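Q: I'm new to this one. Please pick a spot worth a close look and talk me through its surroundings.

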Amino acid sequence: MIVIENVRPSSPARIKRHWVKKTEWVVLLGLMVFIYGSHAPLITLTKVDGHIPFNPSSCVVLIELAKLLISLATLVLTGGTSALHAPPRLFLVAPYAVPAILYALNNNLVVIMQAYMDPSSYQVLSNLKIASTALLYSICLGKRLRPTQWLALGLLMLAGVCHSYSSLDLEVPERAEAGEGPRLHITAWGLFLVLVYCCVSGLAAVYTESVLKSQKLPLSLQNLYLYMFGVAINVLSSFSSVASDKSFLEGYSGVVWAIIAGQAANGLLMSVVLKHGSGITRLFVISCSMLVNALMSWAILGLQLTPFFPLTVTMIGLAAYLYYR
């Protein structure tokens with residue numbers, strides 16, 4: 001008789017660890033979806049007479065600075081400061097400048113594109129970044145996706161287009177007859193810029209994931225390097241942009257500080273997802289946040305949900321089922 005010792009289907013401790021880990025991921029992803037979805041409604045709440053009362057550039061700088069300081073504090077609390085005793089090697093730090101440059105490039109592209117298309121067209125076409133991210137994820141990281149997973153990502157992109165399209169105000173008879181108001185339009189140059197924007201967005205996410213996973217460094221130290229460049233580039237960008245009529249902290253309220261805290265937390269949580277999960281999970285988080293955005297806009301701002309909303313919910317749910325089953 002052959003006796004195999006210490007082999008059991010699953011020990012209670014192992015099962016407990018599995019469910020604890022799963023619960024942690026559910027809480028983390030749920031928190032990210034909530035923060036992403038609440039961003040636009042909170043921005044709307046800050047407006048005074050239809051205008052944002054604060055300097056957006058200073059807000060971005062403070063978000064990056066908050067992420068940098070939290071990363072440094074985490075590194076100190078976890079006893080990882082030994083890595084800072086000697087100057088870091090250039091080949092370890094330099095790769096973290098690339099995501100900051102790519103995100104800065106995309107922020108400028110968003111502004112430039114507005115001259116070649118209307119905001120509604122941008123809102124719909126920007127969903128193409130789901131396809132560009134998936135393609136780059138598959139090509140650059142060598143991740144082979146099943147046909148059902150490609151179908152799931154196609155559904156996810158279609159859900160984004162459906163949600164964006166449902167929010168367009170296509171019929172304003174009085175203004176249309178008078179020839180007033182914004183119309184849907186996009187030039188060939190605008191279409192090219194959208195494609196560049198989507199490719200850069202996908203490349204930034206895939207490259208960041210690759211760097212975080214390839215270097216065996218504590219995540220807090222990697223975030224420190226990443227946001228060090230983020231702060232530097234955004235400070236330079238704020239100084240090089242057209243001078244604002246608002247001072248650095250002018251117009252700040254409790255809601256603005258809540259936005260800064262939320263976006264800083266979201267950036268750090270996204271690093272966890274890219275380090276231990278994947279960029280595709282990031283796409284599902286962003287897509288689910290559209291639903292939270294719509295619900296919060298209905299509850300807080302009194303906006304009406306469109307008939308497309310249940311269809312969007314169904315498509316995102318089906319996409320998640322097909323991808324992760």
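A: First, a term: buried means under 20% relative accessible area, exposed over 50%, and partly exposed in between (1.4 Å probe, protein chains only). The model is predicted, with local features needing pLDDT of at least 70 and side-chain atom pairs 80 or more, while totals for chains, interfaces and linings use all residues. Residues are numbered from 1 along each chain as its sequence is written, and side-chain values use heavy atoms, leaving out hydrogens and water.

Let's look at Lys67. It sits in helix H2, residues 56–77 (helices are DSSP runs of H or I, at least four residues, numbered from the N terminus). H2 has 22 residues and spans 32 Å from first C-alpha to last, close to the 32 Å expected at 1.5 Å a residue (that's 1.5 Å times one less than the residue count).

Lys67 counts as buried because its relative accessibility is 8%. Other buried residues of H2 include Leu62, Ile63, Glu64, Leu68 and Ser71. Glu64 also meets Lys67 directly: their side chains make a polar contact at 2.9 Å (N or O atoms within 3.5 Å, one able to donate a hydrogen and the other to accept it; residues adjacent in sequence count only if both atoms are side-chain atoms). Leaving aside neighbours within four places in sequence, Lys67 is in contact (heavy atoms within 4.5 Å) with Tyr227, Gln263, Ala264, Gly267 and Leu268.

What about the two ends of H2? At the start, a side-chain oxygen of Asn55 comes within 3.0 Å of the backbone nitrogen of Ser57. After the helix comes Gly79, with a positive phi near 75°.
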